[in-house]
Amino acid sequence: MKEDLLSAVVPLLKLLSIAVMGLILAHRKTQIIPKATFKLLSKLVFALFLPCLIFIDLGRSITLHNLVLWWFIPVNVLISTVLGFMLGVIVVLLCKPPPQFVKLTIIMTACGNTAQWVSVLLVYTLVYYMMEPPMEYYEIIEEDNIENGNGDTRPLVVAAEWPGIDETEISRTPFIDKTSQSSEETSREAIGCFAEPKTVRKMMVVAEKTPIQNIFQPPILASLLAIIIGSIPQVKSFVFGHDAPLGFITDSLEILGGAMVPSVMLVLGGVLAEGPNDSKLGLKTTIGVTVARLLVLPVLGIGVVALADKMHLLVADDSMYRYVLLLQYATPSAILLGAVARMRGYAVSESSTLLFWQHIFALFSLSFYIFIYSQLVSLV
């Protein structure tokens, strides 16, 4: 029992220690590192560190045999996410958070802090676009006009943050010049949208900046590439392994991937340096999300895994396999959510405050459920 408790508490203490370092570096009284640095760090996590970690870990472990044998693990992640979404909706109905934070409340309840590649796919596809800033983040500047090719004048647009656009820059250039310079046809379509009512124009700004290629972000591409390479033995032996011809590349990627977790925790600490009191989510909602994520969802997880075992969907006589499935329900919200919020410029203080308190209370809840889960799987 003592070993189980230590295995639960020590990793969380390490993560919180790194977050405290970030808090000290970014605190108002020290200001050793400016806030802009943490935003750049969150983008490095998204574009470099996380893809490297996914590619190395997933590529090394995955095989066609494992894909067939462990098929229920990604399904379990999806089930836990769906149950988390349902609990998030209940929290919204009971706690009534501010309207602009309804989506955040649901997301923070749904997405757990597991290392499964499916979780990363969910964070950087569904969650990434659910973290779209509300419409009030988009501002139509009526007083500044530009002249188009036909001599007409159209208002300029201040776009919210999107991949490929420098969000720190206040847009004083035509939206069509920033996003459609290479296509006259797209420019004419963008100009046409400005003739619509203000709300329609704002929606068009969002729609035109959501092409299909934005879905295939670096973490997604890394996951797909790792699955393809790992599933083909001949190619895998060429990339992974001590004697692999491209082993020096994978070693370099492994070094970069090792920076992912400490970088995310530094970002979390940097945001918390602004003070947990900056969160506008409310104490009631914060408690509701924490209770739903750390206390209610793990109980539901026991029922899901027990039902799957009864239906003979799990690997027979494998206690560790069941333990991993149960553990996916007991973790706090994904620390990647803080990086996504920072990158999107939306609900940064609120998401970071939720993550901070969840990881604090997870020291106790995770220890409890690890003990319970270890007793349950020993009965199998």
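Student: What makes residues 38-56 a helix span?
Tutor: The span is 100% helix and 0% strand. Helices are DSSP runs of H or I with at least four residues, strands are E runs of at least two, and both are numbered from the N terminus. The end C-alpha atoms of residues 38-56 lie 25 Å apart. This is a predicted model, where local features need pLDDT of at least 70, side-chain atom pairs count only at 80 or more, and totals for chains, interfaces and linings use all residues. Residues are numbered from 1 along each chain, and side-chain values use heavy atoms, without hydrogens and water.

Student: How much of residues 320-341 is helix?
Tutor: That span is 64% helix and 0% strand, with its end C-alpha atoms 34 Å apart.

Student: Why are helix 15 and helix 17 called roughly antiparallel?
Tutor: Their packing angle is about 150 degrees. Angles over 145 count as roughly antiparallel, under 35 as roughly parallel, 65 to 115 as roughly perpendicular and the rest as oblique. Helix 15 and helix 17 are therefore roughly antiparallel. Their axes are 10 Å apart.

Student: Which residues of helix 15 meet helix 17?
Tutor: Contact means heavy atoms within 4.5 Å. Ser319, Arg322, Tyr323, Leu326 and Leu327 of helix 15 meet Leu366, Ile370, Tyr373, Ser374 and Val377 of helix 17.

Student: Where does pLDDT stay under 50?
Tutor: Over residues 138-196. pLDDT is the predictor's confidence in each residue, from 0 to 100. Where pLDDT is low, the predicted coordinates should not be read in detail. The chain's mean pLDDT is 75.

Technical notes: Axes fitted to C-alpha atoms, helices over the stretch in contact; angles between N-to-C directions.
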